[in-house]
Amino acid sequence: MPDLAMATAGARLLLLLAVAAALSLPAAAEIRSESFHEDPRHTILFEKFGFSKTGAVRIILSGAAVSSSFARADPKQIGFFLLADESLLEAVAESRDRAEKKPKEPEDPSGADEPDLSGCVLSSPYVKTLFTFHDMEGGHYNKSFPVTHPDEYSLYFANCAPQSLVSMAVRTEMYNARPDGSKDYLPVGQAPVPAIYGFAAFCYAAFLAAWLYLTLSRDRVSANQIHHLMSALLVARLLYCLSAAEDQHYIRVTGTPHGWDVAFYLFQLVKGVILFAVIVLVGTGWSFLRPFLQDREKKVLMVVIPLQVIANIAAAVIGETGPFWQGWVTWNQILMLVDVACCCAVLFPVVWSMRALRETSKTDGKAARNLSKLTLFRQFYTVVIGYLYFTRIVVYMLSTIASYQYRWVSVFSEEVAAMAFYLFMFYTFRPAERSHYFSLHDDDEEEAAEMVLREEEFEL
């Protein structure tokens, strides 16, 4: 009976591993250290990493101890292993079949039998067992393991001993060796990421210079408060890309960000808050169409800004901990829900502006001018939805379905989408002496605009 229970537990364990591996994305594999005190979990996912044929993983374990209220835990049932993505489904199927076919053997009343490891994930032929607690000396272990088969692997800790609690301090290093013998701590698929962020920072620097020339020199008279806030957005985006490039560069070379992660999360927060504020304010026409905000529009800002702060705090917690932390999944869910709420909230002011323009066009006799504004806001509404959908859905899909060697494609796609969105928004709402919002129209244009506004297909 205990053997059958262990086999069934092994099958469930591998099913949990499949879910965890599917939900977790590979992160920059900086050197990580974590402590666990009487942890009851049967499996702990540390991180995923894309290895080349010269890859290696180093694990330093100290202060390892096991306590059990059931019986003395067998150290051979506790250890670390690597699981390749291509072997995940086979491992789950093999463990499930083993649990179903396991015969019910009578228990030995003397209790002298050796523990049966057949139901433990550490004995699966589809995983690469690195070491067990049986290999330790005095609760300490320090060894590097080469990875000669290129693939994306997940590093797990497994505890198959029943009713046992594990305490330990773990330091992990996952890297690929370069031809000169130095270590590259970024996964294979993320090696180009520092260069991508560096090039994006250069593009935003040129963008900012051109925008400042418009707002502070050539079209200074036509520039409004919203245009200066848009300048701040470009500065925040530039500093975000620059800090991301430095963060990834230092992680790649040394395994630690050298403090650039603090700058990265700070500018990510500032960039996110200003971006959503700009979308809301542009959607209301603030400063370039009207000098004030309505109460409901102020409430949207009061909701979006705190939500962005919460979302960025969640992103920082997720980035600085990892799937081995017990609250990691919860913070992922918080980030997802808050980000969706922000994306929905910023659309309301644009919709309100379009409806207000339709209602105004029926009474003020300026149909052509209102049609021009309405068309512009409809375009902005469509582009905002496309941008939010692409960066939240498509980029995530690219990061999950792309081969581990091409994970940089999702980062590149997100930066290209952001640059395209910024170019559209800044060009469309640029300062100009003769704004197309207020251009004059003759009577024929007014009549044609009134007919268009009355047509059903122009409804929201």
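**Figure 1. The disulfide between C120 and C160 in the predicted model.** At 1% relative accessibility, C120 counts as buried. The model shown here and in the other views is predicted. C120 is joined to C160 by a disulfide, with 2.0 Å between the two sulfur atoms. C160 also counts as buried, at a relative accessibility of 14%. The torsion about the S-S bond is about 75 degrees, so the disulfide is right-handed. C120 belongs to the loop between α2 (88–101) and β5, and C160 to the loop between β7 and β8 (164–177), so the bond ties together parts that are 40 residues apart in sequence. A search of the whole structure finds 1 disulfide.

**Figure 2. Cysteines C241 and C344.** For C241, the closest cysteine sulfur is that of C203, and at 9.1 Å it is too far for a bond. C241 is buried, with a relative accessible area of 0%. C344 is likewise in no disulfide. The nearest cysteine sulfur to C344 belongs to C343 and is 6.9 Å away. C344 counts as partly exposed, because its relative accessibility is 43%.

**Figure 3. The open sheet containing β2, β7, β4 and β5.** The sheet has 4 strands in the order β2-β7-β4-β5, and their pairing is antiparallel. Strands β2 (43–51) and β5 (128–132) stand at the edges. Each of these edge strands has a single partner, so one of its sides is left without a neighbour in the sheet. On average, neighbouring strands of this sheet are turned by 20 degrees against each other, direction ignored. Strands of a sheet pair through backbone hydrogen bonds, either parallel or antiparallel.

**Figure 4. Pairing of strands β4 and β7.** Strand β4 covers residues 78–84 and strand β7 covers residues 151–159. The two strands pair in the antiparallel sense over 7 bridges. G79 has A158, in β7, as its bridge partner.

**Figure 5. The aromatic pair of F207 and F426.** A pair of aromatic rings is described by the distance of the centres and the angle of the planes. The structure holds 23 aromatic pairs, and the one formed by F207 and F426 is edge-to-face. The ring centres of F207 and F426 are 5.2 Å apart, with 65 degrees between the planes. The pair links distant parts of the chain, 219 residues apart: F207 is in helix α3 (residues 193–218) and F426 in helix α10 (residues 408–428).

**Figure 6. The stacked pair of Y387 and F421.** The aromatic pair of Y387 and F421 is stacked, at 4.3 Å centre to centre and with 10 degrees between the planes. Y387 is in helix α9 (residues 367–401) and F421 in helix α10, so the pair ties together parts that are 34 residues apart in sequence. Y387 and F421 are both buried.

**Figure 7. An aromatic cluster.** One aromatic cluster is formed by F36, F46, F80, F131, F133, Y141, F145 and F157.

**Figure 8. Charged groups over tyrosine rings.** K183 lies over the face of Y175, 4.5 Å from the ring centre. At another tyrosine, Y427, the charged end of R430 sits over the ring at 4.1 Å from its centre.

**Figure 9. T428 and its contact with the backbone of F424.** T428 is a residue of helix α10. A polar atom of the T428 side chain lies 2.7 Å from the backbone oxygen of F424. T428 counts as buried, at 9% relative accessibility.

**Figure 10. I251 and I31.** I251 is found in helix α4 (residues 225–254). The residue is buried, as its relative accessible area is 1%. I251 and I31 are 220 residues apart along the chain, and their C-alpha atoms are separated by 8.3 Å.

Notes: Residues numbered from 1 in each chain as written. Predicted model: local features only at pLDDT ≥ 70, side-chain atom pairs only at ≥ 80, totals over all residues. Heavy atoms only, no water. Phe/Tyr/Trp six-rings, centres within 6.5 Å; stacked < 30°, edge-to-face > 60°. Buried < 20%, exposed > 50% of the residue type's maximum accessible area, 1.4 Å probe, protein only. Lys NZ or Arg CZ within 6 Å of the ring centre and 35° of its normal. Pairing = 2+ DSSP bridges. Axes fitted to C-alpha atoms, helices over the stretch in contact; angles between N-to-C directions. Polar contact = N/O pair within 3.5 Å; in protein donor to acceptor, adjacent residues only side chain to side chain. Disulfide = S-S within 2.5 Å.
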